[in-house]
2 protein chains.
Amino acid sequence: MARGLIVSKQKILLGHGSGGRLMHKLIKELVLPRLGNPILKELADSAVINYKERLAFTTDSFVVSPLKFPGGDIGKLAVCGTVNDLLMSGAQPEYLSLGLIIEEGLDFGVLQEIVDSIARAARAAQIKVIAGDLKVVEIGACDKIFINTSGIGRVIKRLSLKNIRAGDKIIISGNIAQHGLAVLSKRKNLDLGFDIRSDCAALNNLILPVLQNTGVVRFMRDPTRGGLATTLNEIAENSGLGIEIEEKNVPLSNKVRAACELLGIDPLHIASEGIAVMVVDALASARVLSLLRAHPLGRNARIAGKVVASPKTKGRVILRTSIGSERIVDMLTNEALPRIC
Amino acid sequence: MARGLIVSKQKILLGHGSGGRLMHKLIKELVLPRLGNPILKELADSAVINYKERLAFTTDSFVVSPLKFPGGDIGKLAVCGTVNDLLMSGAQPEYLSLGLIIEEGLDFGVLQEIVDSIARAARAAQIKVIAGDLKVVEIGACDKIFINTSGIGRVIKRLSLKNIRAGDKIIISGNIAQHGLAVLSKRKNLDLGFDIRSDCAALNNLILPVLQNTGVVRFMRDPTRGGLATTLNEIAENSGLGIEIEEKNVPLSNKVRAACELLGIDPLHIASEGIAVMVVDALASARVLSLLRAHPLGRNARIAGKVVASPKTKGRVILRTSIGSERIVDMLTNEALPRIC
């Protein structure tokens, strides 16, 4: 199909699902004008509603291919992704729904493994699956299995972009880009000379102690689709402030760095599924960092940058490289890695 | 593929998504042992949780084909289906999440129409979409668009199978089997000589007044996939009581009756998307019926049968035909109409 035709007839592209610039445009131009309300318009990781207790509510569909990858599978991912979205909103994850769309002919054994994995991950994250739905479609109408999880959590600390101030520190809780590379290398059977495992993990035990023991976290988001660059841009654009990141302080394993160089892809655009980007009060940032590092999932945590207020950087993300130059880091614009989650 | 092969390798069949006997078996044998907890095990239309206010929480995925059918489309269906599941649990629907899985290449115009339809249906049902997710998969990995909605509602009347007693009346709030036939006739381009429209509708204004003004509703369920026969069997099996239905009192339009005869399908197994099966206190059943009939969506409501307690009927559904004979009505066992919702 000619590219001109696609554009003129306005068709959905893979990039519209990338988590990056195109998806933001689609949601802002097509979805929000039709469905917008004050809660939805925040485009937060979870919606927060009041029921005497404040609740967080979030949803995510998982279409990852292949179903299994080093460090996880679609079942574990479907639990951890939604658990982490609740945590990022300052909520203790409590309840999960599970919607399965299954392709006719799927092996029972595959489904059993996936549901076992969901059960293990839910136990680990101390969340209960309390509602579900199951659909089967004919062969060719979906690719093996898609999973939706929606989650409810009890808000223990109200976080908001509005709380962010110039001078706040940006903490990244672990090595970036592991998940996307793990899925990609499995899907393409890439021989990188070493294994890269997904970081897929529920972050309860890393994040909840920080929320409970400090009052200094302004905002959190997990850099999934679109990667760290997209998450930082969302924070900068929506807070109206700038973000400066020191490249040398972005946690990145040597393996991932080497693999990204080999493949010619930017680790800042690759999804993680087990780390958090935290904006915290500068004065308390060292304390938060030490709390994070005390947990195995946070042992690579780093203070990677800060929030700045200047006309030059307003709404932008600036990366200072190790040789002292600066570059503007944009959201992911197209789809680098479809079906990564 | 030989049938023997499918059975011996235990593969997922379309019937596993039918809402009927096979799906119940799959959920009870494969899902519940892995994920079961007291709330999930109720297999209610919504899970009910306490957050000072009692909340109902439900999820549903929609894979209907075609996307548009007489009386509705996938967007309207995705809102009404989840709204009705909340209502069936005695809850006032309040919040919705929206998970879109879109096939690359879908026309923007189609997506706009669907989101418009979601917005209209949400306004009509006075429910707000407050959380969302969007994924795009490559051509051939899904069929145009699948939608998951999860919903939260505030419980205004706690309903339970445990409240059902012998002597209770079974009320059916409207003509059955409209939705399934409407989708089927559109999909197959059947020329029935007349149009059958889906009954797809949010039942807030029909159901809430009954819940608010009477204390006599024991239990409700909407007879979607698997049809009235499946819903009645679920009630009978899980309450341990029997149900007797008078065939002549099952609301059924002449058009649908004629179409079912023509097609050789049983209207008791065909999905509805805008009616409720209500189990109510016998003494107050006439009052409930008149409340229902006062609303356009309930004008065909009928008392169709009653709950009985006898060893012969325990856990069973008995249909008394107009010529006086009796037959046992079973759940749908296989998949009559895949992708009906």
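How many salt bridges are counted between chain B and chain A? The count is 10. The points below put that number in context.

1. For chain A the average pLDDT is 91, and 97% of the residues score at least 70. The stretch to treat with care is residues 1-8 of chain A, where the pLDDT is below 50. Beyond near neighbours in sequence, residues 1-8 of chain A have 3 contacts in the model. Where pLDDT is low, predicted coordinates should not be read in detail.

2. Extent of the contact between the chains. On the chain B side 75 residues are in contact, and they meet 75 residues of chain A. The size of an interface is often expressed as the accessible area that is lost when the parts come together. For chain B and chain A the buried area is about 7000 Å², and carbon and sulfur atoms give 69% of that area. Three residues, I12(B), Y51(B) and F108(B), supply 12% of what chain B buries against chain A, more than any other three residues.

3. Side chains of opposite charge can pair when their charged atoms come close. One salt bridge joins E138(A) and R339(B), with an N to O distance of 3.0 Å. In another, the side chains of D116(B) and R34(A) meet at 2.7 Å, N to O. The latter pair crosses between chains: D116(B) sits in helix α5 of chain B, and R34(A) sits in helix α2 of chain A. Over all chains, a search of the whole structure finds 42 salt bridges. As for polar contacts, 27 residue pairs are found across the interface of chain B and chain A, with both residues at pLDDT 80 or more.

4. What chain B brings to its contact with chain A. Both helices and strands take part. Among the elements that give two or more residues to this side are the helices α2 (21-35), α3 (38-41) and α5 (108-124) of chain B. The strands β1 (47-51), β2 (53-62), β5 (91-103), β6 (128-137) and β7 (145-155) of chain B are also in that list. Which element gives the largest share? It is β6(B), with 10 residues. By residue class, the side of chain B that touches chain A divides into 39 nonpolar, 17 polar and 19 charged residues.

5. The two domains of chain A. The contact takes 34 residues from domain 1 of chain A and 32 residues from domain 2 of chain A. About 2500 Å² is buried between these two domains, and carbon and sulfur atoms give 54% of it. P70(A), L87(A) and M88(A) supply 24% of the area that domain 1 of chain A buries against domain 2 of chain A, more than any other three residues.

6. Polar features between the domains of chain A. The count between domain 1 and domain 2 of chain A is 1 salt bridge. The side chains of E237(A) and R21(A) also meet in a salt bridge, at 2.9 Å, N to O. Across the interface of the two domains of chain A, 11 residue pairs are in polar contact, both residues at pLDDT 80 or more. On the side of domain 1 that touches domain 2, two or more residues each come from α2 (21-35), β3 (68-69), α4 (74-88) and β5 (91-103) of chain A. Of these, α4(A) gives the most, with 9 residues. The residues of this side divide into 15 nonpolar, 12 polar and 7 charged.

7. Backbone details to check. Most residues other than glycine have a negative phi, and most peptide bonds are trans. In chain A, a cis peptide bond joins S65(A) and P66(A), with omega about 0 degrees. P66(A) lies in the loop between β2 (53-62) and β3 of chain A. In chain B, S65(B) and P66(B) are joined by a cis peptide bond, with omega about 0 degrees. P66(B) is in the loop between β2 and β3 (68-69) of chain B. Q126(B) is not a glycine, yet it has a positive phi of about 50 degrees. This residue, Q126(B), is found in the loop between α5 and β6 of chain B.

Notes: Residues are numbered from 1 along each chain as its sequence is written. Chains are lettered from A and ligands numbered from 1 in the order in which they are written. Side-chain values use heavy atoms; hydrogens and water are left out. Contact means heavy atoms within 4.5 Å. Buried area is the accessible area (1.4 Å probe) that two parts lose on being put together, summed over both. A salt bridge is a side-chain nitrogen of Lys or Arg within 4 Å of a carboxyl oxygen of Asp or Glu. A polar contact is a pair of N or O atoms within 3.5 Å; within protein, one must be able to donate a hydrogen and the other to accept it, and residues adjacent in sequence count only if both atoms are side-chain atoms. Helices (H or I, at least four residues) and strands (E, at least two) are DSSP runs, numbered from the N terminus. Ala, Val, Leu, Ile, Met, Phe, Trp, Tyr, Cys and Pro count as nonpolar, Asp, Glu, Lys and Arg as charged, and the others, Gly among them, as polar. pLDDT is the predictor's confidence in each residue, from 0 to 100.
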